[in-house]
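Subject: A structure for you to look at

Hi,

Here is the structure I promised to pass on. Have a look at it first, and then read my notes below.

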Amino acid sequence: MYLIKNDTIALVQYTPDDAADFYRCWQDLDTQKGYNYKFDDSLSDFSKIAIDRFKFWVTVRDIKTNEKVGVLRLSPDEIDPDLAVWIFPEYRNMGYGKNGMRLALEYIFENFSFEAITAGCFERNKYSQKILEQIGYKHEPNSDTIETDSFTGEKIKLFMYRITKEDFLKMER
């Protein structure tokens, strides 16, 4: 069953049965570029990721169709947990990412003792920056880092964002 839902999506616990869909998402070049990671794992190796290492790892499902549309996962870092989102290619730009992140934050802040959640996106990803800011994340330039682009070898900037529980709860949803 679902952990939390709204009128359009439900977040359900990620299971090994979701690995093939998540793996297919990682095979998408735009996904790899979005995370600056050349993905070459086998499905077998990818499926071995220890789900229980993560306090929060969910599959996003469309309420009307019950289709899997993406995955959200909170890093295991207890000090500075990072919420990541992967929307499957055929469902991008339909509001699932923004909606999923809002619902995930609601669940995380209600069920865990975190006072803030971080998220990152690369400087070139204007769409993700806009979504994070609309959700209420604030850019923290002092936390930005420079990485080497896995595809071009050029230097690229990773923007870091943060949202506090207090700020999130004040926002109109």
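Buried here means under 20% relative accessible area, exposed means over 50%, and partly exposed is in between (1.4 Å probe, protein chains only). Helices (H or I, at least four residues) and strands (E, at least two) are DSSP runs, numbered from the N terminus.

Before going on, please note that this is a predicted model: local features need pLDDT of at least 70, side-chain atom pairs count only at pLDDT 80 or more, and totals for chains, interfaces and linings use all residues. Residues are numbered from 1 along each chain as its sequence is written, and side-chain values use heavy atoms, leaving out hydrogens and water.

Back to helix 5, which spans residues 126-135: its buried residues are Q129, I131, L132 and I135. Seen down the helix axis, they fall within an arc of 165°, so they line one face of the helix; the arc is that of the directions from the axis to the C-beta atoms.

Just after helix 5, G136 takes a positive phi of about 120°.

Q129, in helix 5, has a relative accessible area of 10%, so it counts as buried. Leaving aside neighbours within four places in sequence, Q129 is in contact (heavy atoms within 4.5 Å) with C121, F122, E123, R124, F159 and Y161.

I163 sits in strand 9 and is buried, with a relative accessible area of 1%. Not counting residues up to four places away, I163 touches several residues, including L105, F109, I117, I135 and G136. The C-alpha atoms of I163 and E133 are separated by 9.5 Å, although the two are 30 residues apart along the chain.

**Aromatic rings**

How many aromatic pairs does the structure hold? There are 20. Rings of Phe, Tyr and Trp (its six-membered ring) pair if their centres lie within 6.5 Å; planes under 30 degrees apart count as stacked, over 60 as edge-to-face and the rest as tilted. Y14 and W57 form a stacked pair, with 4.1 Å centre to centre and 10° between the planes. This pair links distant parts of the chain: Y14 is in the loop between strand 2 (9-13) and helix 1 (19-26), while W57 is in strand 3 (residues 57-62), 43 residues apart. Y14 is buried at 4% relative accessible area, and W57 is buried at 1%.

Both belong to one aromatic cluster, whose members include F22, W26, Y35, F46 and W86. R73 lies over the face of W57, at 4.7 Å from the ring centre. R24 lies over the face of F88, at 5.5 Å from the ring centre. For this, CZ of Arg (or NZ of Lys) must be within 6 Å of the ring centre and within 35 degrees of the ring normal.

**The whole protein**

The protein has six helices and nine strands. Of its 173 residues, 43% count as buried. Its C-alpha atoms fill a box of roughly 45 × 40 × 30 Å, taken along the principal axes.

Happy exploring!
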